[in-house]
Amino acid sequence: MSAAPLRQSRASSLSDRDEVRYLGRLLGDVIRDFDGKAAFDTIEELRQASVAVHRDDAPERRAELARLLAGLSLDDAVRFIRGFLNFSLLANIAEDRQAGIVPSGSETRPERLEGALAELARHGVAPEDVAATLAGALISPVLTAHPTEVRRKSVIDRESAIAALVAGRADTSDPADPDAVDAALYRQIALLWQTRPLRAVRLLVVDEIANALSVMRESLMPVLPALHRRVETLLGGASVGSFLKPGSWIGGDRDGNPFVTAETLRMALAGQARVALQHYLDEVHALGAELSISASIASVTPALAALAEASGDESPHRQDEPYRRALSGIYARLAETHVELTGVRPPRAAKLLADAYAAPEALIADLSVVRDSLITHGGIRFAGTRLDDLIRAASIFGFHLAALDMRQNSGIHRAVVAELLREAGVCADYEALSVPERTALLRRELAHRRLLVSPFASYSEETRGELDILRAAAEAHRRYGPASIRNYLISHSTCVADLFEVYLLLKEAGLYHPGDVPACAVMVSPLFETIEDLEAAPAVMREFLTLPEARALAEARGGVQEVMIGYSDSNKDGGYLTSNWALFEASLALADVFADSGIRLQLFHGRGGTVGRGGGSAFAGIRAQPPGTVGGRIRITEQGEVIASKYGTPALAALNLETMTSATLLATLAPPETDPADLARFSTAMETLSAAARAAYRGLVYETPGFNTYFRAATPVGEIAELKIGSRPSSRTKSDRIEDLRAIPWVFSWSQSRVMLPGWFGVGAALSAFPDKALLKAMNAEWPFFAATLSNMSMVLAKSDIDIAALYSDLVEDEGLRGTVFGEISAGWHRTRDQLLEITGHTEFLGDDPALARRVRMRLPYIEPLNALQVELIRRYRRGETDARVREGIHLTINGIAAGLRNSG
């Protein structure tokens, strides 16, 4: 952030490191100009001192940095924190821009479609086999509102503007005046500097909906059609169907969130419809301006002529322009559809009166008439890509944009069903029944058409709320089509009765239709989360799939049944290694169960941003799935800060979606990378490792007296709960037990304190106790699952710092407790580090990814001073200091550390 400007003729010549410096120097100019030279000098002196520590970790350098930090006034501390926070945000912009650049020659890598198809070809998989797989495939990133995104929308908007300017300056195909771009960048960075980083009020569900819609509108809508077109081109023009479809939980996920209601469901779907329809209207308008073809010069098909005549467009200016007349009619119908589905007229009104489209298929049919006529009288190249992409967009997004999942806790369902059965006089105490008794009762109720809800009964607020949102879902099916809500997730599923309870509630809303062959337009998907639940999942699903009504429901939707597996709670329950292994084993066992039943398995992976919540490379994660568990169908949650880092720009979205597609194809069609005999041997070793890791993890977290006290004192978990970053409470209940704490604040708080405990603890104990190190090295070299597990852990450890963790441990007042717990953590960290480096053969963390290692190292000088300040401010805050700047400083450090670490929640 030094004042000297960077003089480069073109930013395209900059590496990501130079680009970070370029933006940092502009930030320095802004701070000096707006806050004065003294403020700039203070921040710059601290920056240089922190960088010096990382170049030469001598005691005197650390002492100098500590002296400078201790000498800050509260005003200077807050300003300094903002400076380092904004620098990290700018560094993220540079890294993301570089990540979105596809380097020349990268096409051969398996993450790219060309590389994946070439690898499949080497294994004898023909292009027509790939096309057939994709024709029945589903690859779905599902956006969720989990509160790990600490940035305000206003901050994200400024970052987007800066990113666009940097990209424009680097675009050699359309050169921009560097001085003009510098001036525009200065202005945007100045606006960022003067934008309040912290939210003044808690984020509402409506805000979360708006944030998701922005990503869908700006990135997913333009990128997905183009990616499908690219796939078809690489496959020689073969049709692949619309296999990439986004999903969302935002507005429908009410597990533990009392603010998600029937009204938020309606708001979410109406907002999604507005985005989809506005995109179609804009594209049809653009096509109308483009297709100025005159009938006096060119011929058209009879179908196109009929469409033009039916439009009602009698303008004398367009009487010999049939394409424009046809598109005027299409525009008018879309405009009326906009009114019917959203309740408001589109910004650009139609000039004609027309009936709304009843379904997206009718829109696609009209657009296809236009396309067929263009091809008939000019060839495929004459039709152009805009129309093709619009037709594909309508196929992908319909009138609903993204399928909105519903989710609720199994305990809520059980209580609501019990009340309905009691009030209807069917069963006085449903919850007292055994699981088999509950299942039998539910099956009897689902077999006939009689409803349980009565207008004469008085129901609890909870039951009324659940029935209201189910009725809103039924209304959504009528308005937007059944694709608008396809899945209903059950958190904490443990038995078959959990699934039938939801089907019974769907029946009350008219979404489940009883009969000899029952049907339901919504698929009920169990979510197995804890280690115990994952272990029980295969038996639960085997029992479910043997029941005739369950099979009939699956067969009616194409022979598919989804199962969701949870990464976060299984990690909190059993630790990193055990969670990964439990997920692998459950997936493999589920694949066998489904193969026996003849029903296709669709796994939904509940991954978070951090490794402790299932994060890491999506490509490596999908490739590392057990053989037979992908089958061309996969859904993955995309949460919090990860949404912006993966889909924040069209370039990033295109790259990440291509990566998901390549990984899914390879996981489905390529032969297993691990020999079956080796897999059996490796699995036996993993059983031993998992048991040892789980014992060590639970011994610390759940069996060490006072550990919860230590955790709440030595991390900012309480201060994180005060941040206004999400609409959902941080705990499911009022209990302060770790078991009842959500996985997000659990992981987020350990990340802030730089322990990163959920991403590694217990692994070192397991690896050090395992006698056959040669076998572990072979597992890392030959088994993608184990290699990905260690690689992700290496990234976590690279971002951890046991010396900084010691500063946080000093917040624990009980000296004996502090010594016991931190002693275990420190010993475990060193043991894990040593074992990881020995097995991988590396000399440092991230030895297999030097580029990422360099980026992490570059960030550390801008994170560690924030950790030191956070500890001091927390100490003052907890001692009762009431100055508002103390609390503000804590929250700003949380933002700054999260921005620097990136995948922190």
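**Close-up views of a predicted model**

View 1. At 34% relative accessibility, Glu872 counts as partly exposed, a class lying between buried (under 20% relative accessible area) and exposed (over 50%), with a 1.4 Å probe and protein chains only. This is a predicted model, in which local features need pLDDT of at least 70 and side-chain atom pairs count only at pLDDT 80 or more, while totals for chains, interfaces and linings use all residues. Residues are numbered from 1 along each chain as its sequence is written, and side-chain values use heavy atoms, with hydrogens and water left out. Glu872 belongs to helix H36, which covers residues 850–878; helices are DSSP runs (H or I, at least four residues), numbered from the N terminus. Between the C-alpha atoms of Glu872 and Val886, which are 14 residues apart along the chain, the separation is 9.5 Å.

**View 2. Helices H12 and H13.** Helix H12 (residues 322–342) packs with helix H13 (residues 360–376) at an angle of about 165°, their axes being 11 Å apart; the axes are lines fitted to C-alpha atoms over the stretch in contact, and angles run from 0 to 180 degrees between N-to-C directions. H12 and H13 are therefore roughly antiparallel to each other, the term for angles over 145 degrees.

**View 3. Residues where H12 meets H13.** On the H12 side, Tyr323, Ile330, Arg333 and Leu334 meet Leu363, Asp366, Leu367, Val370, Ser373 and Leu374 of H13, contact meaning heavy atoms within 4.5 Å. The residues of this contact of H12 with H13 comprise 7 nonpolar, 1 polar and 2 charged, where Asp, Glu, Lys and Arg count as charged, Ala, Val, Leu, Ile, Met, Phe, Trp, Tyr, Cys and Pro as nonpolar, and the others, Gly among them, as polar.

Conventions
Helices (H or I, at least four residues) and strands (E, at least two) are DSSP runs, numbered from the N terminus. Angles under 35 degrees count as roughly parallel, over 145 as roughly antiparallel, 65 to 115 as roughly perpendicular and the rest as oblique.
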